[in-house]
Amino acid sequence: MTSAQTEGLIAMLTVFAILVLLVLPSVIGIVHDKRVDRQIRKAHEYRSAHGVTRTV
């Protein structure tokens with residue numbers, strides 16, 4: 001590899017790393033929201049199946 005190719009590779013990897021750092025919080029948030037939605041749905045199904053209307 002020439003020095004120009006090496007510099008290009010380093011620049012490309014730097015841009016990719018910055019992109020990952022910008023996207024990662026959003027992906028973590030989406031995964032968290034999906035998990036919470038699944039828990040709410042499961043609790044709702046349990047309440048419906050067992051006739052629970054309200055907790056104290």
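Modeller: V15 is exposed, with a relative accessible area of 55% (exposed means over 50%, buried under 20% and partly exposed in between, with a 1.4 Å probe and protein chains only). This is a predicted model, in which local features need pLDDT of at least 70 and side-chain atom pairs count only at pLDDT 80 or more, while totals for chains, interfaces and linings use all residues. Residues are numbered from 1 along each chain as its sequence is written, and side-chain values use heavy atoms, leaving out hydrogens and water.

V15 belongs to helix 1, which covers residues 3–50 (helices are DSSP runs of H or I with at least four residues, strands are runs of E with at least two, and numbering starts from the N terminus). T14 has its place in helix 1 too, and T14 counts as partly exposed because its relative accessible area is 41%. L22, also found in helix 1, is exposed, since its relative accessible area reaches 62%. V20 lies in helix 1 as well, but V20 is partly exposed, with a value of 37%.

The protein chain has one helix and zero strands. Its radius of gyration is 23 Å, well over the 10 Å that the globule rule gives for 56 residues, so the chain is more spread out than a compact globule (the radius is taken over C-alpha atoms, and the rule is 2.2 Å times the number of residues to the power 0.38). The C-alpha trace spans about 70 × 20 × 10 Å along its principal axes, and 0% of the 56 residues count as buried.

V20 and L22 are among the residues that make a nonpolar surface patch of about 920 Å², together with others including F16 and V31. Patch residues have over 30% relative accessible area and no salt bridge, with nonpolar side chains joined within 5 Å and like charges within 9 Å; a salt bridge is a Lys or Arg side-chain nitrogen within 4 Å of an Asp or Glu carboxyl oxygen.

Overall the chain has 7 positive and 4 negative side chains, and the centres of the two sets are 16 Å apart (Lys and Arg count as positive, Asp and Glu as negative, while His and the chain ends are not counted; each charge is placed at NZ of Lys, CZ of Arg, CG of Asp or CD of Glu).

Terms used
Accessible areas come from the Shrake-Rupley method with a 1.4 Å probe; for residues, only the protein chains shown count as cover.
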